Amino acid sequence: MMKYRVGIDVGATNMKIGLFDGDMNLLDMMQTLTDQEADLNRLMDFIEGSVRLLLTRNDLNTGDLEGVGAALPSYIDYEKGVALETSNIMSLSNAPVRELLRARLGVKVMLENDANAAALAEHTMGAGVNYDNMIYTALSTGIGGGLILNGRLYRGMHGMAGEIGHMFVSDSTGYPCSCGVTGCVQSISSGANMAKYATDRIKEGYDSSILNYAGTLSNIDMEAVGKALQSNDSLALEVVNRGAEYLGRMFHSLNQIFDINIFIYGGGVAKLGSRFIDRMIAAYRHHSLIDQHYPAQFIPAKFGDRAGMYGAALLLAQEN
């Protein structure tokens, strides 16, 4: 009898839940906004209800499941199944998510950091399938990363490896980050902080079509910036170039540390397109002396912003 898997990607902005068959074919999925203010019980209840709804509309129940994998924007104690520090969804901090979901659904549950899960998906069946060493980067509301070293996902001593968004890249730029640093790349180049920079510049009196697309200052996001970018809006160009510059510095440092120059990138901010990505790559090449001998490859993720969802489901396949 075929068993199915559910992969859940709990992002800071959106939650994606996918139903997969045993061969990792995506059969159905649903996407909802993440309630960052929800307390832990309400969040777990919502996830349970969403999983059951997905199963019901496919004429399945929890007895048909091999298990559920969940990717979270958190440091993960992989062995204990506990979400440790979480920057955007505070109720997940120090939460025994594996046991809470297992009790609600009555099936096997596995947890992973969201960017690690995405790295696993891209390495196993996506854009990085041919590379034993690669670095996955999630360019989204925040900036996350996952490391594939010698063909295996590397979690580090405490499950915290790959948190590249907190790499220090400036001593004078950026907004205060949840990591406690002003000047990490996430404080500058994340979707949330690039949008905040655009908002602050408009508050200072900068005239920009970004506001026309957003409607109000409080609604300014990277989608509005992207639309303005298409019309060569000068502030949109400034926002994008500024964010891309510090990402280029980050990739340069990663290459220097790991001697890896295969970079798979995904996430919502990557949807800004070639003007953003090309500027990011140019910044990397400007800072890298070794690139002329060993040119880096920047490869878009096969699964885009669904990579975490695929990787969450793959956690169950990896166990088998």
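**A buried serine and a helix packing**

Leaving aside its neighbours within four places in sequence, Ser91 is in contact (heavy atoms within 4.5 Å) with Ala38, Asp39, Leu40 and Leu43. This is a predicted model, in which local features need pLDDT of at least 70 and side-chain atom pairs count only at pLDDT 80 or more, while totals for chains, interfaces and linings use all residues. Residues are numbered from 1 along each chain as its sequence is written, and side-chain values use heavy atoms, with hydrogens and water left out.

Ser91 sits in the loop between strand S6 (82-86) and helix H2 (97-105), where helices (H or I, at least four residues) and strands (E, at least two) are DSSP runs numbered from the N terminus. Because its relative accessibility is 18%, Ser91 counts as buried, the term meaning under 20% relative accessible area with a 1.4 Å probe and protein chains only. Ala38 is 53 residues away along the chain, yet the C-alpha atoms of Ser91 and Ala38 are separated by 7.0 Å, and a polar atom of the Ser91 side chain lies 3.0 Å from the backbone oxygen of Ala38.

The next stop is helix H7 (residues 222-230), in which Met222, Ala224, Val225, Gly226, Ala228 and Leu229 are buried. These buried residues pack against helix H5 (191-203), helix H6 (210-214), H8 and H9. At the start of H7, a side-chain oxygen of Asp221 comes to within 3.2 Å of the backbone nitrogen of Glu223, and just after the helix Asn232 takes a positive phi of about 60°.

How do two packed helices get described? By the angle between their axes and the distance between the axes. The axes here are lines fitted to C-alpha atoms, for helices over the stretch in contact, and the angles run from 0 to 180 degrees between N-to-C directions. H7 and H8 pack at an angle of about 115°, with their axes 8 Å apart. Met222, Val225, Ala228 and Leu229 of H7 meet Ala236, Leu237, Val239 and Val240 of H8, and by class this contact has 8 nonpolar, no polar and no charged residues, with Ala, Val, Leu, Ile, Met, Phe, Trp, Tyr, Cys and Pro counted as nonpolar, Asp, Glu, Lys and Arg as charged, and the others, Gly among them, as polar.

H8 (residues 234-258) also packs with helix H9 (residues 274-287), their axes coming within 7 Å and crossing at roughly 45°.

Terms used: Buried < 20%, exposed > 50% of the residue type's maximum accessible area, 1.4 Å probe, protein only. Polar contact = N/O pair within 3.5 Å; in protein donor to acceptor, adjacent residues only side chain to side chain.
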